[in-house]
Amino acid sequence: MKRIVVLISGNGTNLQSIIDACQQNRINGHIAAVFSNNADAYGLQRAEQANIPTNFINPKAYIDRTSHDLALLKAIDQYQPDLVVLAGYMRILSPDFVQHYHGRLLNIHPSLLPKYPGLHTHQKAIENGDREHGTSIHFVTEELDGGPIILQAKVPIFEDDIEEDIVERVQIQEHNFYPLVIRWFLDERLTLKGNTVVMDGYVLPPQGYASE
């Protein structure tokens with residue numbers, strides 16, 4: 001069975017959706033370990049409740065990002081992952097780390113990339129008067145939130161929405177689609193070739209496999 005390692009920093013709702021999908025056999029694989037840069041991340045408790053090994057790698061114990069990421073990489077490799085999944089991991093990864101897992105490192109970002117890379121995406125969408133928002137799942141490259149997009153899912157923004165409304169709407173899409181993309185990858189339907197995403201032998205457009 002294919003092996004997944006998940007990196008988190010916080011509550012771990014996307015982690016929970018992946019745990020559920022594995023337990024329900026909607027993913028042909030299992031989570032071998034969960035890593036966090038935050039010892040208090042609730043996602044670690046979610047993993048423990050599912051009997052998944054957890055690991056806290058403290059960034060403050062290392063002199064710089066590169067040395068931390070090297071230690072993280074070595075710890076992850078002990079689990080021999082087929083896929084490494086970022087699920088709310090709030091650190092920028094070093095180029096060496098990204099290259100080591102090239103083509104098997106996924107991230108989910110709460111915006112319709114290339115719109116709003118980085119933080120506070122929901123608030124930016126409201127402030128700019130956007131009528132739609134969403135989430136993007138992509139392969140990770142050295143460019144922050146700039147890797148080739150696999151799938152995007154859109155949600156509407158209504159006139160009286162507050163940020164919490166949009167967060168809830170986007171998370172529903174994330175929890176549906178992140179496990180699906182992981183399944184595609186582990187079923188070997190999805191690959192990264194050069195800087196393009198190939199699904200079932202066909203090159204996906206820049207916006208990825210779009211879903212409403």
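Analyst: A helix here is a DSSP run of H or I with at least four residues, a strand is a run of E with at least two, and each kind is numbered from the N terminus. The model is predicted.

User: With those terms, where is the place of Pro 114?

Analyst: Pro 114 sits in the loop between strand E5 (105–109) and helix H5 (121–127). The peptide bond that leads from Leu 113 to Pro 114 is cis, its omega being near 10 degrees. Most peptide bonds are trans.

User: What makes Asn 25 worth a remark, as it is not a glycine?

Analyst: Asn 25 has a positive phi, about 60 degrees. Most residues other than glycine have a negative phi. Asn 25 belongs to the loop between helix H1 (13–23) and strand E2 (29–36).

User: Which residue does UniProt list for "active site"?

Analyst: The UniProt record, an unreviewed entry, lists His 109. Such an annotation may be inferred rather than shown by experiment. In the model, His 109 is part of strand E5.

User: How do you know whether His 109 is buried or exposed?

Analyst: Its relative accessibility is 4%, and buried means under 20%, so His 109 is buried.

User: What is His 109 in contact with, leaving aside its neighbours within four places in sequence?

Analyst: Contact means heavy atoms within 4.5 Å. The partners of His 109 include Tyr 116, Thr 121, Ser 136, His 138, Asp 145 and Glu 174.

User: What makes E4 and E5 part of a β-α-β unit?

Analyst: E4, helix H4 (residues 95–100) and E5 form the unit, and the unit is right-handed. Strands pair if DSSP finds at least two bridges between them. E4 and E5 run parallel and are joined by three bridges, so they count as paired.

User: How many bridges join strand E1 (residues 2–8) and E4?

Analyst: Four bridges join E1 and E4, which pair in the parallel sense. Leu 7 stands opposite Leu 86 of E4.

User: Which way do the residues of strand E4 (residues 83–86) point?

Analyst: Leu 83 and Val 85 point one way, while Val 84 and Leu 86 point the other way, and all are buried.

User: Why do E8 and E10 stand at the edges of their sheet?

Analyst: The sheet is open, with three strands in the order E8-E9-E10 and antiparallel pairing. Strand E8 (190–193) and strand E10 (202–203) each have a single partner strand, so one side of each has no neighbour in the sheet.

User: How many bridges pair E8 and strand E9 (residues 196–199)?

Analyst: They pair over four bridges in the antiparallel sense. Leu 192 has Val 197 in E9 as its bridge partner.

User: Which residues does the "domain: Formyl transferase N-terminal" annotation cover?

Analyst: In the unreviewed UniProt entry, this annotation covers residues 2–182. In the model, that span is 36% helix and 24% strand, and its end C-alpha atoms lie 11 Å apart.

Definitions and conventions:
Residues numbered from 1 in each chain as written. Predicted model: local features only at pLDDT ≥ 70, side-chain atom pairs only at ≥ 80, totals over all residues. Heavy atoms only, no water. Buried < 20%, exposed > 50% of the residue type's maximum accessible area, 1.4 Å probe, protein only. Right-handed = clockwise from strand over helix to strand, strands pointing away.
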